[in-house]
Amino acid sequence: MRDYKVPKYNYAAQFRALRDGLVPEIERLLLDGRYVLGPPTEEFERAFAHFLGGVGVAGLNSGTDALVLALDAVGVRAGDEVVTVANTFHATALAAARLGATPVFVDCRESDFLVDLDQVPAALGPRTRAVVVVHLFGQAVDVERAIGICAAGGVTLVEDCAQAVGARSGGHRVGTRSSAGCWSFSPAKNLAAAGDAGAISTPDPEVARRVALLRHFGQPRQNEHEILGYNSRLDAIQALVLSHKLDMVDDWSRARGEVAARYRAELSGLPLRFQEGAAPEEHVYHLFQVRTESERVRDALVDHLQDHGIDAVVRYPVPLHLQPAFADLGLRRGRFPVAEKLAVETLCLPIRPDLDEGDISYVCETVRGFYGTP
Ligand SMILES: Cc1ncc(COP(=O)(O)O)c(C=O)c1O
């Protein structure tokens with residue numbers, strides 16, 4: 001792996017601080033032997049439910065499984081349609097397709113890079129079963145509005161919260177007011193396990209009941225299989241890691257917000273645009289997206305940053321409708337112009353709670369250097 005001066009991730013840094021408390025608990029668990037759906041998983045589920053503000057939580061294998069199981073639990077079946085946004089991580093739409101449903105994309109907005117909710121009503125049809133909104137890069141979609149649109153259309157709202165742990169919409173944590181919030185705790189996420197992990201949150205007891213069955217072979221009791229399920233349970237060791245980190249997430253989000261505020265202030269005179277519209281305390285800055293004027297400039301800026309040891313990356317360079325995996329949908333270039341423009345004009349600057357003053361200044365100086373501005 002290349003040695004960066006400012007890497008985008010520093011997974012191990014978080015564990016150094018946790019070591020004294022966490023390692024003995026892992027040892028106790030290993031000797032205790034209750035590895036599957038035991039006390040550590042239940043404790044994390046309780047703690048995360050409390051963090052969100054009193055919803056049901058089921059710990060799962062991954063964020064991708066959370067999306068698949070949530071859509072399954074709300075009744076998405078083969079032949080249905082699921083409306084979602086064209087600029088997101090692949091798993092959002094993969095989940096619908098895995099269930100035999102058709103993802104129906106809408107575009108995102110120039111201002112905040114989030115789903116354009118104005119386009120959703122026209123995308124709803126007789127086969128639409130659910131809408132999946134994505135709180136992308138740590139910024140929440142307007143959940144209240146999405147709830148209203150889905151209620152008017154008679155369809156179910158699901159939230160992809162993978163990038164937005166702790167983010168708020170209208171003062172409420174995301175993942176608490178729709179049928180299901182889908183969480184990823186994979187190592188790059190703001191709340192990160194030491195491997196794959198995920199969860200579903202839901203205020204709906206029937207969805208909670210179905211998810212509890214689905215994640216455990218559809219099995220309410222040993223040797224009884226009520227529905228076709230999956231094997232997708234939050235691993236006990238990962239649950240311990242997550243429980244040890246959960247108390248720190250809001251502080252880490254504040255630290256991320258401070259880095260974002262510095263980037264915004266120090267890069268403000270340059271021909272760059274940022275995600276607009278969120279109250280600073282509602283955004284959790286999973287990624288810090290920067291929009292340049294063109295693909296040529298974006299690519300040159302990424303190269304410049306990489307050459308200076310800054311691990312700037314592109315998320316996501318190809319919108320979902322142009323990915324080979326969704327070629328069957330027959331959606332051509334030009335169909336979702338904003339998603340297509342963002343795919344070629346944006347890049348992410350490193351953002352982590354542990355970036356120090358020197359790192360932040362170096363990133364800003366290097367970006368300004370690219371534009372020839374001291
Ligand atoms: C928006 C979004 N949805 C879903 C996922 C899938 O989560 P996981 O990697 O835990 O399966 C991710 C992250 O990988 C994501 O960023």
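Two strands count as paired if DSSP finds at least two bridges between them.

The model is predicted: local features need pLDDT of at least 70 and side-chain atom pairs count only at pLDDT 80 or more, while totals for chains, interfaces and linings use all residues. Residues are numbered from 1 along each chain as its sequence is written, and side-chain values use heavy atoms, with hydrogens and water left out.

## A parallel pair

Strand E5 (residues 156–160) and strand E8 (residues 180–184) pair in the parallel sense over three bridges. Asp 160 stands opposite Cys 182 in E8.

## A pocket between two domains

Domain 1 (11–246) and domain 2 (249–370), with bounds from an automatic or database domain assignment, both give residues to the lining of the second largest pocket, so this pocket lies between them. A pocket is an open set of points on a 1 Å grid over the protein atoms alone, where a 1.4 Å probe fits, with protein on both sides within 12 Å along at least five of seven lines; lining residues have an atom within 4 Å of a point.

Of the 19 lining residues, the closest to the centre of the second largest pocket are Arg 109, Asp 112, Ala 140, Val 141 and Asp 142.

Methods
Helices (H or I, at least four residues) and strands (E, at least two) are DSSP runs, numbered from the N terminus.
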